[in-house]
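Trainee: I would like to learn how to read a model like this one. Where do we begin?

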Amino acid sequence: MSTTLFDKVWDSHVVRKIEDGPDVFFIDRHFIHEVTSPVAFLGLKSRGISVLYPERTFATADHNTPTINQHLPVQDALSANQLKALEDNAAEYGISHWGLGHIKNGIVHVVGPENGITLPGATIVCGDSHTSTHGAFGAIAFGIGTSEVEMVLSTQCIMQPKPKKMRINVNGELSKGVGPKDVALYIIAQLTTSGGTGYFVEYAGDVFENMSMEGRMTVCNLSIEMGARGGMIAPDQKTFDFLEGRLYAPKGEAWDKAVAYWKTLKTDADAVFDAELNINAADIEPMITYGTNPGMGIGISATIPNANQVEGGEETYKKSLAYMGFHENDVMIGKPIDYVFLGSCTNGRIEDFRAFTEIVKGRKKAENVTAWLVPGSHVVEAQIKEEGLLEILTEAGFVLRQPGCSACLAMNDDKVPAGKYAVSTSNRNFEGRQGPGSRTLLASPIMAAAAAVTGKLTDPRELF
Ligand SMILES: CC(C)[C@H](C(=O)O)[C@@H](O)C(=O)O
Ligand code: SF4
């Protein structure tokens, strides 16, 4: 029978099928961070249970970490406690731990692939919704709750109903200035934030085939924002080249065997999906969001839709625009902005810094803009320096910070003040996401760069 990539990976991990119930599902690799793991460890302790396979769990600190002066003690007591709990739990149970200041430290969804922990055909979970990022490698990866984190630690399995399958095909050629973030924001605008609910998505078509691994991670990362359980892309030579030689990737004969298996991980030609969406790449413009959920996105040259043009209640829509200080029919280009955030597990990789630098090169940061440039990991930070990007950024008036989630959700010191506008390369523009009262405009690294040098929303295509 013809099957999909998703079925192949899922079915090979079912330990037991429960009649009319969820599957008992084996987890190959498990990531933990300081926010969602402490309570899971407390649960283990209270029940006197140990961690079954400590070598399958990897800990990194990212959410509560400061992005300057990381060599100094963390000032915020709550953050310091969370970080200490992660460190102590990892030590007690024999789990590898990349804490603050560790050379391998960074955002969980950046360091996993970087170290070859993320592999094709694997099942990967983390108590974090953007675990979907790892699907870029042909893994089934999704976020879980704290009680499931405890379940994985103790049994290496969770109970999961199998989601339905959706395929999103994007074919044709992307126009200049349109990148992976725009593709994802366009898809979410089409589907809305609930259009993917109940589904696991496979991204297919030549746009994804031609996309870099970094770009594929950006797209898979945002799957959760359309409500999907996760998203994945079939592994190919680009995937294998990215992984070869990385710390936890198989080596020698084991590598050859693994690649031979990974090559079988594709959807059969006549496999059927529960839902399918076809998009023409040429229809996608550089995107910007104007509202308070990631589905409220439009092309930069478009105007804010009228309440009667959008799905959902008129009242909610108007409330959202009021929060943003915007109005129906507003033109986006030219709106003044205050902050720019380049970073997060969506766009905190080297390719994102290259794209940002390309635009700001030879220009200067606008005086009215506060810019936070935050690499996703120390590896990315080192690459920025090695490639000479730091010099260009410094010349243009920017400062590079240290790795972490930073202003993506402001669980640390990087908070956008109330009422201020931030063009952000992150993934969520909910009310208060970047700090109480903050107003977030989600966009690509080049859109962020264009805003950073002009001080207002600018079509990045004008700056090439
Ligand atoms: C803190 C964590 C549970 C949360 C998530 O699950 O996504 C965070 O990473 C986020 O992006 O909102
Ligand atoms: S960078 Fe943002 S989205 Fe990613 S894990 Fe951190 S807080 Fe969540």
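Mentor: Helices (H or I, at least four residues) and strands (E, at least two) are DSSP runs, numbered from the N terminus. Here, Ala382 lies in helix 14 (residues 378–386). Two notes on conventions follow. Residues are numbered from 1 along each chain as its sequence is written, while chains are lettered from A and ligands numbered from 1 in the order in which they are written. The model is predicted: local features need pLDDT of at least 70, side-chain atom pairs count only at pLDDT 80 or more, and totals for chains, interfaces and linings use all residues.

Trainee: Is Ala382 buried, exposed or partly exposed?

Mentor: Count C-beta atoms, placed from the backbone. A residue is buried if 20 or more others lie within 10 Å of its own, exposed if 12 or fewer, and partly exposed in between. Ala382 has 13 C-beta neighbours inside 10 Å, so it counts as partly exposed. Ala382 and Thr458 are 76 residues apart in sequence; their C-alpha atoms lie 30 Å apart in space.

Trainee: How do I check the length of a helix?

Mentor: Compare the expected span with the model. The expected span is 1.5 Å times one less than the number of residues. Helix 6 (residues 180–191) has twelve residues and should span 16 Å; its end C-alpha atoms are 17 Å apart, which agrees.

Trainee: How many residues of helix 6 are buried?

Mentor: Eleven of its twelve, so the helix is mostly covered. Among them are Pro180, Lys181, Asp182, Tyr186 and Leu191.

Trainee: What follows helix 6?

Mentor: Thr192 does, with a positive phi near 70°. Thr192 is not a glycine. It sits in the loop between helix 6 and strand 10 (199–204). With 18 C-beta neighbours inside 10 Å, Thr192 counts as partly exposed. Asn329 also has a positive phi near 70°, and is a residue other than glycine. Its loop runs between helix 11 (314–324) and strand 15 (339–342). Asn329 is exposed, because 9 other C-beta atoms lie within 10 Å.

Trainee: Which domains does the chain have?

Mentor: Domain bounds come from an automatic or database domain assignment. Here it gives domain 1 (5–161 + 237–261), domain 2 (164–230 + 266–283) and domain 3 (289–463). The C-alpha centres of domain 1 and domain 3 are 28 Å apart. Their contact takes 20 residues from domain 1 and 20 residues from domain 3. Two residues are in contact if their C-beta atoms, placed from the backbone, lie within 7 Å. On the side of domain 1 that touches domain 3, helix 4 (residues 108–114) gives the largest share, four residues. By class, that side has six nonpolar, eleven polar and three charged residues.

Trainee: How are those classes set?

Mentor: Ala, Val, Leu, Ile, Met, Phe, Trp, Tyr, Cys and Pro count as nonpolar; Asp, Glu, Lys and Arg count as charged; the others, Gly among them, are polar.

Trainee: Where does ligand 2 lie?

Mentor: Read its shell. A residue is near a molecule if its C-beta atom, placed from the backbone, lies within 6 Å of it. Domain 1 and domain 3 both give residues to the shell around ligand 2, so the ligand lies between them. The shell has 13 residues, the closest being Ser344, Cys345, Cys405, Cys408 and Leu409. It splits into five nonpolar, six polar and two charged residues.

Trainee: Which residues does UniProt list for "binding site"?

Mentor: The unreviewed entry lists Cys345, Cys405 and Cys408. They spread over 64 residues of sequence yet cluster in space, with a largest C-alpha distance of 8.8 Å. UniProt positions use the numbering used here, feature names are shortened, and annotations may be inferred rather than shown by experiment.

Trainee: What does Cys405 touch?

Mentor: Leaving aside residues up to four places away in sequence, Cys405 touches Asp62, His63, Ile107, Ser344 and Met411. Cys405 is in the loop between helix 15 (389–395) and strand 17 (421–424). Cys405 counts as buried, because it has 31 C-beta neighbours inside 10 Å. Cys408 is found in the loop between helix 15 and strand 17. Cys408 is buried, with 29 other C-beta atoms within 10 Å.
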